[in-house]
Amino acid sequence: MPSVSDEVLVFRLWRRVSDSAEWLPTSPLLVHVGDGGDALPAHLSWGTEDGAQSAVGFSPDMASCYGHRRTAGGDVVEARGERDGCGEFPEGADGARGYEFDTEIEEAGSWHPAGRLRVLIDDGSEEPVRWVTWGDQSSNAFSIVLRSVRPSGKADVSDLVSFVWASAEHRDAGEVAMNLVDASASKWFAPHNHASLEFQLTQPIAVDRYVLTSANDAPDRDPATWTLRGSADGHLWRTLDIRSGQSFTERHQSRMYRIAEPGPYDHYRLDITGNNGSPHLQLEAVRFLADGSGRFVGYRQHAGHAPVAHRGIRVAQSPLDMPAEPLPEDAPAPSRVMLAMSTPGFPPNTLDSQGTPIWLSELASDEPHHTLHVVRGLEPAQALEALGAKPQLFQPCELPSAKPDRWSSLPGAALGIEPGTSAALLAGRIGAWTFVYDDSGFTGHDDATSLSANGRAAATSMYSTNAAASLTYAVDGTRLAWINVDDLNLKKDLSGMPDELCAAFQAAGTVEHDYLKPGQPDYDICMRVICALAGLSCAVEDLRRIPLLATPFG
């Protein structure tokens with residue numbers, strides 16, 4: 001009798017519906033059940049998450065099988081199969097989902113180790129197995145029910161999505177990307193036949209299935225071709241699933257897709273590259289599911305013995321040795337928009353994961369070298385003139401919904417500026433303060449002094465991707481403070497600052513990074529300080545509600 005301790009049995013299957021004489025080919029059946037012994041399975045039953053139930057019996061020589069399936073809709077289908085080879089668990093399973101558990105049995109009121117149990121059943125269904133019962137040729141019997149590692153028991157982890165970014169959406173109609181994870185909302189609509197969506201979760205999750213739901217109308221807007229990627233840092237991405245030729249037969253129809261090799265990621269990106277003929281795209285919902293099978297309970301009954309309680313905890317999977325790569329240079333991206341941090345002056349959802357005020361992250365290119373000015377007592381046009389911009393070039397600005405590429409800023413995109421050719425200045429007023437954002441750092445610290453003339457207060461903060469960060473604070477034409485982050489000692493230097501600036505530093509707080517020593521200021525602190533000084537704890541959506549001026553510069 002051959003050993004099956006590591007063997008995955010593969011059967012070629014045919015099915016026959018009720019009252020039909022014709023057998024039709026269907027998806028193969030892959031099977032592995034065993035606790036390390038040599039006994040081959042004699043019969044097997046299982047149920048999947050959608051409520052479908054299947055049962056199959058095997059011939060003594062494992063050359064054939066026969067069984068039946070009751071679908072989730074109640075239809076009954078017969079199945080017969082012929083052996084079509086084998087592989088090793090799990091490498092030879094062709095991407096099928098297998099489980100390996102450390103197990104225990106209960107005897108005389110206490111639990112004792114019972115070795116490893118391996119279970120793999122794949123009949124082509126996208127739904128994960130939820131219970132399995134089998135007997136082997138040595139008359140041993142087993143039954144297990146898989147349980148979730150989450151206290152809620154939910155496989156749907158969409159509630160862990162904290163933010164959704166889209167390369168395009170229809171804000172005026174409220175058909176925005178966040179609707180995709182909001183059950184009370186309508187849909188997401190994009191005025192293009194291709195678009196990108198990025199989902200950030202509050203913790204890394206090994207999503208193994210995802211669900212797309214078609215919207216209320218216009219089937220030709222349904223996605224047909226896409227790539228799903230996962231990332232642990234939002235910069236390097238691994239391709240998880242590629243689909244083409246997809247369609248939805250009904251409105252509000254949900255279709256599930258399985259990820260063959262999931263990994264623990266907190267960023268998921270859906271790049272839709274084609275639809276069913278429309279110049280537009282839409283979806284009602286996107287949901288993410290994680291295999292909750294972290295443990296099982298059940299029984300084991302060896303031949304001639306009474307059944308005993310049997311339980312197991314899933315063995316941790318080895319990290320996937322799969323390449324992760326940056327996105328193509330022309331791929332739209334959300335500029336580090338990861339809502340994961342707060343400080344005393346910045347409530348949740350106002351800072352990105354680096355500690356940068358999120359409205360600046362949303363405005364900036366992916367590799368920012370920029371300057372922010374704030375001044376109290378000047379209107380936006382006056383502030384632009386004080387910086388040397390030409391009034392005849394000023395124009396009202398409506399920020400676009402997305403940047404065309406990772407090298408462009410939103411103001412630059414609004415002005416149609418090619419990256420690297422000139423700067424874009426964006427000015428607006430919130431409360432008593434006017435801000436001027438310079439996307440290329442063409443303006444500098446000396447401008448704080450000129451902005452502060454005639455009794456005004458002003459500040460300038462500069463930041464570049466080579467980890468250079470500094471801040472100037474001036475009142476009535478006199479520079480009162482110049483701060484370089486590399487030389488800043490928060491414990492010693494705060495006491496010597498003007499009261500207004502000291503309060504802004506306290507509101508900015510500190511952000512911990514692995515590369516910093518405890519209490520060492522991070523390179524984004526100056527941008528937080530200047531925003532705290534002017535009360536700019538906002539998002540780009542807030543800027544879209546106020547009049548903005550933009551101009552090319554330099």
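Visitor: To which backbone oxygen does the side chain of Thr371 reach?

Guide: This is a predicted model, where local features need pLDDT of at least 70 and side-chain atom pairs count only at pLDDT 80 or more, while totals for chains, interfaces and linings use all residues. Residues are numbered from 1 along each chain as its sequence is written, and side-chain values use heavy atoms, leaving out hydrogens and water. At 3.4 Å, the side chain of Thr371 reaches the backbone oxygen of Thr443.

Visitor: Is Thr371 buried or exposed?

Guide: Thr371 lies in strand 25 (residues 369-376); strands are DSSP runs (E, at least two residues), numbered from the N terminus. Buried means under 20% relative accessible area and exposed over 50%, with partly exposed in between (1.4 Å probe, protein chains only). Because its relative accessibility is 0%, Thr371 counts as buried.

Visitor: Why is strand 14 largely enclosed by the rest of the structure?

Guide: Strand 14 covers residues 223-231. It is largely enclosed because the buried residues number 8 of the 9.

Visitor: How many bridges join strand 14 to strand 17?

Guide: Two strands pair if DSSP finds at least two bridges between them. Strand 17 (residues 264-275) runs antiparallel to strand 14, and Gly274 in strand 17 is the bridge partner of Thr225. The bridges joining strand 14 to strand 17 number 8.

Visitor: Which residue takes a positive phi in the hairpin of strand 14 and strand 15?

Guide: Strand 15 (residues 236-243) is antiparallel to strand 14, with 5 bridges, and Arg229 stands opposite Thr239 in strand 15. The hairpin has 4 residues between the strands. The residue with a positive phi near 80° is Gly234.

Conventions
A polar contact is a pair of N or O atoms within 3.5 Å; within protein, one must be able to donate a hydrogen and the other to accept it, and residues adjacent in sequence count only if both atoms are side-chain atoms.
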